[in-house]
Amino acid sequence: MHTVALKEVTVIAEALLEDKLLRELRELGARGFTIADVRGEGSRRLRDDEWEGRRVRVETLVGAEVADRILQHLAEHYFPHYSMVAYVADVQVVRREKYV
Amino acid sequence: MTLELLRANLLSPIVLAFGLGIVATLIRSDLKFPDELYTALTIYLLLAIGLKGGAELAETPFAAFWAPALATLALGVAIPLWSYALLRRLGRFSIADSAALAAHYGSVSAVTFIASLSFLDALRAPYEGFMPTLVAVLEVPAIVVALLLARVRGGGGGSWREVLHEVLAGRSVLLLLGGLTIGFLSGTSGLAKVAPLFVDLFQGALLLFLLEMGMVTARRFRDLARVGPFLLGFGIVMPVLHGALGTWLGGLAGLSLGGSTVLGVLAASASYIAAPAAVRIALPEANPSYYLTAALAITFPFNLTLGIPLYYALARWTHGG
């Protein structure tokens, strides 16, 4: 099957940021997401997650340029004060036009 | 007589269940509430209180409402102002941390409020039907004032639209006001239809909720050492001062003995549902360890066990009884 290279951006964030984050991802060029409720612990060991502070994992398939813009945005606005993990992976998709 | 009140409160099923929750966490029991149950219980309790208040409101003359509402609003503006000054000057907290704590102490804990109604019910002390409205009145302004302070002092970012949406559309304000409206419009006969679920089962649901609260509180105990002695003192002294002020203002505004007690409780309690969400968005640089631990592991248990009977005793004193 013919596949095309795209980027998968994964963001793991405090659940209360979900609405804001999705709005911003759309503005930055993402066209769809998969969202899951997740649990875990990271370097901050922030204990706010025990009270109403569940985590969400947002995954979106985008072009390389949009992926870059998203990471830039997150690094500027969220990394300093929120507990957040974000990374980009290379993926192969069919139907490229669905995502970019 | 005051000791009698204290004993009655400490031996009430809901306070004992809170204690059980603390024990469960301390002995590392595998007891755990599913998230959904916790959420469902909050919805149930807030809606039940709103419905009951609304039905009673339908029978009360509305003129009696304005003075207490103004007193509540004044508390909501004043408490964060002096709390901020105290935390900043004496506690040497950063601008963001001081404002975050001020928002929590100015705002109100719906669970403490509900526990105080349950305490008054057990004593058969009547209170005004519009008290849940005052919770909604007190919940919002304190958060806005505290965030405004942070902004003026140059400590805060975040957009107002998001914060206001978080507070006004948050479930505690929505369910309380929504319940009040439904109760008010459908009246006592309307409430009678849903009473088997929302009135008869109330105390049992509250017991379950406080069992969970005990566990949440005890998980925060580890942080007590980290927040330092100042915040520990602040978390107990401020509720007593605010409680005294609230009961006194309640008397001035023409509230009954029960109503004044509740206003004292509202002033004394610190929010841990609405305020943390709003503050996390508007003041991300404030450390959640401080405000969550102070509100949840210091002030909430204090109010639940000793505070509520104390504010009742104070209210009785100002009412000359």
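**Note on the fold of chains A and B**

1. From the N terminus on, chain B reads α-α-α-α-α-α-α-α-α-α-α-α-α. That makes 13 helices and zero strands. Helices (H or I, at least four residues) and strands (E, at least two) are DSSP runs, numbered from the N terminus.

2. This is a predicted model: local features need pLDDT of at least 70, side-chain atom pairs count only at pLDDT 80 or more, and totals for chains, interfaces and linings use all residues. Residues are numbered from 1 along each chain as its sequence is written, while chains are lettered from A and ligands numbered from 1 in the order in which they are written.

3. How compact is chain B? Its radius of gyration (taken over C-alpha atoms) is 18 Å, close to the 20 Å of the globule rule for 321 residues, so chain B is as compact as a globular protein of that length. The rule is 2.2 Å times the number of residues to the power 0.38. The C-alpha trace of chain B spans about 50 × 45 × 40 Å along its principal axes.

4. One helix pair in chain B deserves a look. Helix α6(B) (residues 110–123) packs on helix α11(B) (residues 257–268) at about 155°, with the axes 9 Å apart. Axes are lines fitted to C-alpha atoms, for helices over the stretch in contact; angles run from 0 to 180 degrees between N-to-C directions. The two helices are therefore roughly antiparallel (the term covers angles over 145 degrees). The crossing of α6(B) and α11(B) is right-handed, meaning that the near helix is turned clockwise from the far one by less than a right angle.

5. Which residues of α6(B) meet α11(B)? They are T112(B), F113(B), S116(B), L117(B) and L120(B). Facing them in α11(B) are G258(B), T261(B), V262(B), V265(B) and L266(B). Contact means C-beta atoms, placed from the backbone, within 7 Å. The contact residues divide into six nonpolar, four polar and no charged.

6. Chain A has an open sheet of four strands, ordered β2-β3-β1-β4, with antiparallel pairing. Two strands pair if DSSP finds at least two bridges between them. The edge strands are β2 and β4 (84–93) of chain A, each pairing on one side only. Neighbouring strands are turned by 20° against each other on average, direction ignored.

7. Strand β3(A) (residues 55–62) is joined to β1(A) (residues 4–14) by eight bridges. Here V9(A) has T60(A) as its bridge partner. Five bridges join β3(A) to β2(A) (residues 34–38), also antiparallel. There D37(A) partners V56(A).

Definitions and conventions: Angles under 35 degrees count as roughly parallel, over 145 as roughly antiparallel, 65 to 115 as roughly perpendicular and the rest as oblique. Two residues are in contact if their C-beta atoms, placed from the backbone, lie within 7 Å. Ala, Val, Leu, Ile, Met, Phe, Trp, Tyr, Cys and Pro count as nonpolar, Asp, Glu, Lys and Arg as charged, and the others, Gly among them, as polar.
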